[in-house]
Amino acid sequence: MITRTRLVAGAGALLAALAAGLVLPAGAAAGEPTGQDAPKVDLVLDVSGSMRARDIDGRSRMAAAKQAFNEVLDATPEEVELGIRTLGADYAGDDRRTGCKDTAQLYPVGPLDRTEAKTAVATLTPTGWTPIGPALLKAADDLEGGNGSKRIVLISDGEDTCAPLDPCEVAREIAAKGIGLTIDTLGLVPTAKLSRQLSCIAEATGGTYTSVEHQDELTDRVNELVDRAAEPVVTPVATEGGARCTGAPTLTSGLYTDREEFGQQRWYRVDVLPGQELRASVSVAADRAVRPDYGVLLRAVTVHGREIVRGEAAGNGRTDVISTGLRYPRPEREDADTGDGKPAAEAVCLAVTTSFSAAPGVQTTPGLPLELTVDVVDGPDRAGDVASFGLGRGWWLLGTLILAGFLAGLVWGWLSRWRVAVWRTN
């Protein structure tokens, strides 16, 4: 029995969907790819005055971004609908109110005309402010509609200049809309403050943050993110956990979404046959302000209440998603037969418990979005897959090290005796 903790970075689109309490049709299967509509990507480019700096391979940041965009446009898959939005491209004045409205759709999200898009990019000149928050809100509107994947790729070289509209809070609001949108961020030659801000934006929707200091890094990363948008979307199935094991919903292998209120415990049941292994993981998203120092506990329990295995993780407020997982291999049994030739299944109860607490003035309902992955597979059938004295395959490494140490000791002892004999002779 193995417990493990792992942070799920790529859960953003799914967690965003469950944040809105998405209810799927009854016929939807857990983990079924959708992809009925074309995937959409909105490239959001910072065109503020600081993009004039010449510190990317001896070229200006703007020149590097233009070249990267041209190469990305050439490589964009045909099935992806792509658009380009700018921030800080038009207003060069000192009026903050006007500067914080400076975001525009340079090329609309839709079927890509590469020549037209490249022509639009060529007209850009570093100009004004850095209204990241307003640009993200508008970009989310650009991607509304459809059930395909939606991705914003934000490229900026400076922090937002339109506080108190916090871009991180804007990203959380976008996630809470439940439109299945992921925001990935790239920082051009970033400062520590910019890295923190862009990381927070990405984490709020399960996206990624990348620091970029070279032309090829920028091109490769944006290409990778656009290609990722074309991958099939996995559909989570909405479920509602029980207050106790008795009466809890029975789940099969797949991906499920639920909500758990502060201080609440959710129960689910999974049938496991002899010789199978249950693998489960849970992720909980802090989609609102919560107190630091929290945790999530996932337990596998028998119907009689005996704990089989557990996985747990602790958080301190630095991330918006906390995750843990567990594994339970059920051994083969010759007497596990129902009488009709079929092996008897064991009902394993999964209990999800969190220690989140609400900050003052924060609503506790609806509960925090929860994502549960269940996988029932054939158990390991080779001795090498089972832990040996708690060491697993590391047992062989330990044995090799002991043997090598023994041989090294013999050789060193022989050399020492030889040197002493030579010294006495001389």
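1. Start with a helix pair. Helix 2 (residues 61–75) packs against helix 4 (residues 114–122) at an angle of about 170°, with the two axes 10 Å apart. Axes here are lines fitted to C-alpha atoms, for helices over the stretch in contact, and angles run from 0 to 180 degrees between N-to-C directions. Helices (H or I, at least four residues) and strands (E, at least two) are DSSP runs, numbered from the N terminus. Helix 2 and helix 4 are therefore roughly antiparallel. Angles over 145 degrees count as roughly antiparallel, under 35 as roughly parallel, 65 to 115 as roughly perpendicular and the rest as oblique.

2. Which residues of helix 2 and helix 4 meet? From helix 2 come K66, F69, N70, L73, D74 and A75; from helix 4 come R114, A117, K118, V121 and A122. Contact means heavy atoms within 4.5 Å. By class, this contact has six nonpolar, one polar and four charged residues. Ala, Val, Leu, Ile, Met, Phe, Trp, Tyr, Cys and Pro count as nonpolar, Asp, Glu, Lys and Arg as charged, and the others, Gly among them, as polar.

3. A word on the source. This is a predicted model, in which local features need pLDDT of at least 70 and side-chain atom pairs count only at pLDDT 80 or more, while totals for chains, interfaces and linings use all residues. Residues are numbered from 1 along each chain as its sequence is written, and side-chain values use heavy atoms, with hydrogens and water left out.

4. The axes of helix 6 (residues 167–176) and helix 7 (residues 192–204) come within 8 Å and cross at roughly 10°. Helix 6 and helix 7 are therefore roughly parallel. P167, C168, A171, R172 and A175 of helix 6 make the contact with Q197, C200, I201 and A204 of helix 7. Seven of these residues are nonpolar, one is polar and one is charged.

5. Next, the whole chain. The protein chain holds nine helices and 19 strands. Of its 426 residues, 46% count as buried. Buried means under 20% relative accessible area, exposed over 50%, partly exposed in between (1.4 Å probe, protein chains only). Among contacts between residues at least 6 apart in sequence, 77% join residues at least 24 apart.

6. Take L350 as an example. Leaving aside residues up to four places away in sequence, L350 touches residues including W267, L278, L298, R299 and V374. The C-alpha atoms of S281 and L372 are 5.9 Å apart, although 91 residues separate them along the chain.

7. How many salt bridges does the structure hold? There are 15. A salt bridge is a side-chain nitrogen of Lys or Arg within 4 Å of a carboxyl oxygen of Asp or Glu. R221 pairs with E224, with the closest N and O atoms 2.9 Å apart. R221 is buried at 12%, whereas E224 is partly exposed at 38%.

8. Two other salt bridges deserve a look. R299 meets E307 at 3.4 Å, N to O. R299 is buried at 17%, while E307 is partly exposed at 31%. R330 and E346 also form a salt bridge, at 3.4 Å. R330 lies in the loop between strand 17 and strand 18, and E346 lies in strand 18, 16 residues apart. Both R330 and E346 are buried.

9. Finally, check the backbone. The peptide bond joining A163 and P164 is cis, with omega about 15°. The bond from T365 to P366 is cis too, with omega near -5°. D57 is not a glycine, yet has a positive phi of about 55°. D293 has a positive phi near 65° and is exposed, at 63%.
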